[in-house]
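Visitor: I am new to this structure and would like a close look at a single part of it. Please take me through the salt bridges slowly.

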Amino acid sequence: NALSLATSSSDGIPSVRMVLLKGLSDSGFVFYTNFDSKKANDLKSNPNASMCFHWKSIRRQIRVSGKVSSVDKEEADKYFVSRDYGSKISAWASSQSKVMKSKNEFLDKIKEFEKKFPDKNNVPRPPHWSGWRLDPFRYEFWLDGKNRIHQRLIYLKLENGKWEKSLLSP
């Protein structure tokens with residue numbers, strides 16, 4: 001469920017990082033994060049993003065491009081409830097992407113939120129934590145080939161909602 005997520009800041013600086021895929025449906029690919037993080041700030045200013053799933057062992061990858069939107073509160077709450085207690089507390093304690101003086105600063109915040117939410121079955125979702133859904137408009141399937149004779153297949157979503165398939169040169 002790991003994928004590379006590429007975003008771009010409002011001034012066009014690209015950034016890529018690994019995230020975990022936590023939902024997949026006809027409406028897109030879902031991942032969760034702190035809405036004050038670097039990736040979330042990029043997505044707020046530029047909703048275009050790309051994902052890359054790579055499987056070295058089978059020599060394949062899939063690239064997906066699309067526009068993101070935030071998931072609704074009910075969907076975010078439902079997923080948050082499914083997380084383990086430590087992950088819920090960390091979501092409260094983390095000022096994701098912000099500079100820390102030391103790791104102890106974060107560990108102290110974890111202790112603070114463990115005291116605030118001692119009931120492991122009753123930790124509310126932080127208001128700054130939710131999910132994004134990438135609604136794809138482009139898929140590219142890549143299969144490694146000997147002597148760089150790779151197979152590349154692209155699907156582009158047309159304005160009428162239908163998909164157009166093409167082969168790409170390796």
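Visitor: Is aspartate 77 buried, partly exposed or exposed, and what is its relative accessible area?

Guide: In this predicted model, aspartate 77 is partly exposed, because its relative accessible area is 36%. Its side chain meets that of arginine 125 in a salt bridge, with 2.6 Å from N to O. The two residues are 48 apart and belong to distant parts of the chain, since aspartate 77 sits in helix H2 (residues 73–82) while arginine 125 is in the loop between helix H4 (103–116) and S7. Arginine 125, at 18% relative accessibility, counts as buried, because the limit for that word is under 20%.

Another of them joins arginine 59 to aspartate 144, whose closest N and O atoms are 2.8 Å apart. Arginine 59 lies in the loop between strand S5 (48–55) and strand S6 (60–70), and aspartate 144 in the loop between strand S7 (129–143) and strand S8 (151–157), so this pair ties together parts that are 85 residues apart in sequence. Arginine 59 counts as partly exposed at 43% relative accessibility, and aspartate 144 counts as partly exposed at 24%.

A further salt bridge links arginine 63 with glutamate 140, the closest N and O atoms being 2.5 Å apart. Here strand S6 holds arginine 63 and strand S7 holds glutamate 140, so parts that are 77 residues apart in sequence are tied together. Arginine 63 is partly exposed at 32% relative accessibility, whereas glutamate 140 is buried, with a relative accessible area of 3%. Through shared partners, salt bridges join Arg63, Arg138, Glu140 and Arg152 into one network.

Methods
Residues are numbered from 1 along each chain as its sequence is written. This is a predicted model: local features need pLDDT of at least 70, side-chain atom pairs count only at pLDDT 80 or more; totals for chains, interfaces and linings use all residues. Side-chain values use heavy atoms; hydrogens and water are left out. A salt bridge is a side-chain nitrogen of Lys or Arg within 4 Å of a carboxyl oxygen of Asp or Glu. Helices (H or I, at least four residues) and strands (E, at least two) are DSSP runs, numbered from the N terminus. Buried means under 20% relative accessible area, exposed over 50%, partly exposed in between (1.4 Å probe, protein chains only).
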